[in-house]
Amino acid sequence: MLNWKYYHYAMDMLDADEHILIGGKSGSGKSYLIGELMHTALTKSPNEISFMIADPKRVDMMEYRDLPHVIEYAQQPQDILQMLKRAHAIMEQRYAKMEQTHSKTWQGGKIYVIVDELLDLMQSKCGKAIQEELLSLLCLGRASKVLVISATQSVHRVVLGMLPINFQFTVALQTKSVTDSRMLIGQAGAELLPKFGK
């Protein structure tokens with residue numbers, strides 16, 4: 001259920017049309033924040049906003065899989081990789097249409113590619129291929145409105161993977177350490193935040 005006290009913040013994040021990285025330690029509220037973003041998006045029609053969901057934890061986003069806004073849902077790394085490839089194909093199709101109409105930005109609906117537990121996926125047997133597909137979406141997806149929302153608890157290890165430089169919108173929840181806070185937001189402080197959520 002949508003928590004209306006977060007509605008305007010969540011809508012501002014969605015309206016920014018940017019890739020979003022959510023970082024924070026286990027239990028900090030990352031899945032709750034993703035849920036708030038998704039519930040806020042559900043106030044719009046599937047023609048305006050839709051989702052492709054990578055849910056390696058298999059529990060937090062199960063409730064969304066059959067909604068009309070969800071065009072694809074995957075749990076296993078190999079299935080998530082195929083989903084990311086299909087997101088890439090959609091992006092390329094949109095660019096082809098944009099080229100035909102001489103448009104710099106896609107004029108239709110947004111697709112948000114939700115990727116939870118990013119580090120776990122990067123460390124899976126499909127990890128390198130998943131990272132390559134994500135990097136492609138992060139580098140080229142904005143103009144085509146194929147946008148990534150991802151969450152990770154191991155901030156420093158994802159940073160070393162060179163993914164965060166391509167996220168334009170970074171959200172720090174409570175981090176494990178000052179180092180993680182600085183990697184996310186360029187300063188200390190996130191390690192002192194309370195848990196986000198109810």
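User: How many helices and strands does the chain have?
Analyst: In this predicted model, the elements run α-β-α-β-β-α-β-α-α-β-α-β-α from the N terminus on. Counted by kind, that order comprises seven helices and six strands.

User: What radius of gyration does the chain have, and how does it relate to a compact globule?
Analyst: The C-alpha trace spans about 50 × 40 × 30 Å along its principal axes, and 52% of the 198 residues count as buried. Among contacts with a separation of 6 or more, 71% join residues 24 or more positions apart. A compact globule of 198 residues would have a radius of gyration near 16 Å, and the chain agrees with this because its own value is 16 Å.

User: Is helix H2 largely enclosed or largely open, and how many of its twelve residues are buried?
Analyst: Helix H2 covers residues 30-41 and reaches 17 Å from its first C-alpha to its last, close to the 16 Å expected at 1.5 Å a residue. Its buried residues include Leu 33, Ile 34, Leu 37 and Met 38, and also Lys 30, Glu 36 and His 39, while the elements that cover them include helix H1, strand S1, strand S2, strand S4, strand S5 and strand S6. H2 is therefore largely enclosed by the rest of the structure, the number of its buried residues being ten of the twelve.

User: Which element gives the most to the largest nonpolar core?
Analyst: The largest nonpolar core has 27 residues, and those with the most contacts inside it are Leu 84, Val 113 and Leu 137. At least two residues of this core come from each of S2, helix H3 (77-101), S4, helix H4 (118-122), helix H5 (127-144) and S5. With six residues, the element that gives the most to this core is H3.

User: Leaving aside neighbours within four places in sequence, which residues are in contact with Leu 84?
Analyst: Leu 84 is one of the residues with the most contacts inside the largest core. Once its neighbours within four places in sequence are left aside, the residues in contact with Leu 84 are Val 113, Ile 130, Glu 133, Leu 134 and Leu 137.

User: How many residues does the second, separate core have?
Analyst: This second core is separate and includes Leu 33, Met 61, Tyr 73 and Ile 114. Of these, Leu 33 is also among the buried residues of H2. The number of residues in the second core is 24.

User: In S3, which residue is the bridge partner of Ala 54?
Analyst: Strand S3 takes in residues 70-74, and because four of its five residues are buried, S3 is largely enclosed by the rest of the structure. S2 and S3 run parallel and are joined by four bridges. In S3, the partner of Ala 54 is Ala 74.

User: Is His 102 buried or exposed?
Analyst: His 102 lies in the loop between H3 and S4, and its C-alpha atom is separated by 38 Å from that of Gln 76, 26 residues apart along the chain. Exposed means over 50% relative accessible area. His 102 has 76% relative accessibility, so this residue counts as exposed.

User: What relative accessible area does Thr 175 have?
Analyst: Thr 175 sits in the loop between S6 and helix H7 (178-185). Leaving aside neighbours within four places in sequence, its contacts include Gly 24, Lys 25, Asp 180, Leu 184 and Glu 191. Thr 175 is buried, with a relative accessible area of 2%.

Key
Residues are numbered from 1 along each chain as its sequence is written. This is a predicted model: local features need pLDDT of at least 70, side-chain atom pairs count only at pLDDT 80 or more; totals for chains, interfaces and linings use all residues. Side-chain values use heavy atoms; hydrogens and water are left out. The expected span of a helix is 1.5 Å times one less than its number of residues. Buried means under 20% relative accessible area, exposed over 50%, partly exposed in between (1.4 Å probe, protein chains only). Contact means heavy atoms within 4.5 Å. A nonpolar core is a set of buried Ala, Val, Leu, Ile, Met, Phe, Trp, Tyr and Cys residues joined through side-chain atoms within 4.5 Å. The radius of gyration is taken over C-alpha atoms; the globule rule is 2.2 Å times the number of residues to the power 0.38. Two strands pair if DSSP finds at least two bridges between them.
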